[in-house]
Amino acid sequence: MSVLLDISHIDMEFPTPKGSFTALRDVNLQIKKGEFVSLIGHSGCGKSTVLNVVAGLYGATRGGVILNGKEVTEPGPERAVVFQNHSLLPWLSAYENVELAVKQVFGKIKTRAEMREWIEHNLQLVHMGHAMHRRPAEISGGMKQRVGIARALAMQPKVLLMDEPFGALDALTRAHMQDSLMEIQAELNNTVIMITHDVDEAVLLSDRIVMMTNGPAATIGETLDIYLERPRNRLELADDPHYNQYRARVLKFLHERHGGHKPKTAKVSMEKNIEFDNKSVEHAA
Amino acid sequence: MTSTTLTGSKPAAWKLSQFDGKLFGSAIKTVVVPFAGILVFLMLWSVAAQNIDTSLGKFPGPAAVWEQFDALYQEHSRSREKEAAFYERQRERNAKRVVDDPSYQPKIRDYTGKETFIDQVFTSLVTVMSGFLLAATIAIPLGIATGLSRTLNSAINPVVQVFKPVSPLAWLPLVTMVVSAVYTSTDPLVAKSFLNSMFTVTLCCLWPMVINTAVGVAGIDDDLVNVSKVLRLPPLKHVQKIVLPASVPMIFTGMRLSLGVAWMVLIAAEMLAQNPGLGKFVWDEFQNGSSDSLARIMAAVLVIGFIGFLLDRAMLQLQKLVSWDRDSVTH
Ligand SMILES: Nc1ncnc2c1ncn2[C@@H]1O[C@H](COP(=O)(O)OP(=O)(O)O)[C@@H](O)[C@H]1O
Ligand SMILES: [Mg+2]
């Protein structure tokens, strides 16, 4: 299949009071239609920066992003973003939050009835049909994230960008959300870039894992294609030798020294949920 | 940023009252303690009043002031009766003339009695609300624009900072002269004196609203702004859907501050410029210098304070009504 999204040799420099800071150097990544790609790397290496350049919220200093043959110059709904902290408008209900997006994208194409159906359909897709009319303050963190995903899906984006969408959730909720996301992905086959720092999440969900070196001047260190059959089941995969090999590869990359800093070792918890202690990594930086 | 120091002091006060609540129980705290506080105040006032001699007699104690409240109310009722009688007489006279001469067009002359204390209260309320609303219609859009544009913010900030501390007494002569020069209609819709006090109020309560609105707008969560960018909301929609609702709590904080300022400014303006209203009532009584004057002024002081308090409560209720963020609404 042909390339849908071309992240072409981008550099990103931020002006700071102490002079310019090079966050990214020569990040080069091509993504095919329907591919699910995870970006993994230590905290502060530049994952969000890559995502923000693709979203059009930052402009790359050098290089550029080409989507469907057109260069990305500004943000837009065809590159919908799911932000880490849900970013729902707190004064609107779940339904109204999705409605704002749907009206903006389909206001001139769909009738009112069609739009209502489409909003409800997307909320049901993320299992939020029962709590559509509650406000963000009245629902749990996981539910908020579901609404955030529904809002992004409702824009029918060409690429769905997710910045640590489940990072703030507890382990159990996160597992539910991952399963939901796999279901949705099986149905819609979206093109997705997801940032994560959870190795299991990356292996479970992705077609390809992109591992980034540490900043400054972070770049892509290694990519890993995941040839696990879908639908994937987390319990069966736990004993799958391929799955464990993939995990080991990613873990090894993250443990080794990459880039200018020496990363602290990752914590491996009992239920094989690997996360990195953000604070200790930042101390090392 | 005045607003931050203002709101910053609030959580501490709130914590303190919560601490009290645990010690005394909430019923005692909300009823008994305030009541006791008022009683102690009345006693101290009574005692102090007896020991202060002025050229107009003893300083009025609570009893004397209470008497004047009654007297002021009686005056008002009498004046209303007179007014009703005045119109009744006219009606009768007109009816009679129409019977005598069917071609006669009846005329009704307005009653021109002296404004009573209660009339003055209403005049003051109308003036303060007009000045405040005029200020709000200027300040809120200006504050939003200032909060959205850093350039505009840098341009406006020095002006705001310089005008904010200006006393109404300094504005008043300028406003009076300008109104006299510009407002030269032969059949004026509203009195000049009304405009003088109204514009003075407006000039003084613009600034807290401009500053708070601007701070609220500039402080909107980056993520929400990013949502708006990803959706490509056009500028007006961005203001309507994101900026306005997000900054409603801060806008209302500014409006409450402004209304408090407006009420204080108004009384001073009315006093100095002889504009009708509560301030003029106080001034007239002072000039009058009868044995009741001090008690009547004291009655006015209490009414001024009480109305100021009610205005603040009203703004608070309005804020609760429109605010999505209950936590931001503090007493
Ligand atoms: N707007 C910005 N201005 C200056 N520096 C930034 C900005 N955004 C990110 N950075 C820096 O770029 C680096 C990468 O940040 P980020 O992409 O947020 O990392 P990650 O998402 O991988 O944790 C960090 O060192 C961060 O301080
Ligand atoms: Mg990040």
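**Exercise 1. Describe the span 242-273 of chain B by its end-to-end distance and its helix and strand content.**

Solution. The model is predicted: local features need pLDDT of at least 70, side-chain atom pairs count only at pLDDT 80 or more, and totals for chains, interfaces and linings use all residues. Residues are numbered from 1 along each chain as its sequence is written, chains are lettered from A and ligands numbered from 1 in the order in which they are written, and side-chain values use heavy atoms, without hydrogens and water.

Next, take the annotation. An unreviewed UniProt entry lists "transmembrane region" for several spans of chain B, including 198-221 and 242-273; such annotations may be inferred rather than shown by experiment. Residues 198-221 of chain B are 88% helix and 0% strand, with end C-alpha atoms 37 Å apart.

**Exercise 2. Why is chain B described as more spread out than a compact globule?**

Solution. Start with the elements: chain B has 12 helices and 2 strands. Its radius of gyration is 25 Å, well over the 20 Å from the globule rule for 331 residues, so chain B is more spread out than a compact globule. The radius is taken over C-alpha atoms, and the rule is 2.2 Å times the number of residues to the power 0.38.

Along the principal axes, the C-alpha atoms of chain B fill a box of roughly 80 × 65 × 40 Å. Of its 331 residues, 36% count as buried, that is, under 20% relative accessible area with a 1.4 Å probe and protein chains only.

**Exercise 3. Where is A:Ser93 placed, and is A:Ser93 buried or exposed?**

Solution. First, locate the residue: A:Ser93 is in the loop between β6 (79-82) and α2 (94-106) of chain A. Second, check burial: the relative accessible area of A:Ser93 is 6%, so the residue is buried; exposed would need over 50%.

Third, list the contacts (heavy atoms within 4.5 Å). Leaving out residues up to four places away in sequence, A:Ser93 touches A:Met132, A:His133, A:Arg134 and A:Arg135. Finally, A:Glu138 is 45 residues from A:Ser93 along the chain, and their C-alpha atoms are separated by 9.3 Å.

Definitions and conventions: Helix = DSSP H or I, 4+ residues; strand = E, 2+ residues; numbered from the N terminus.
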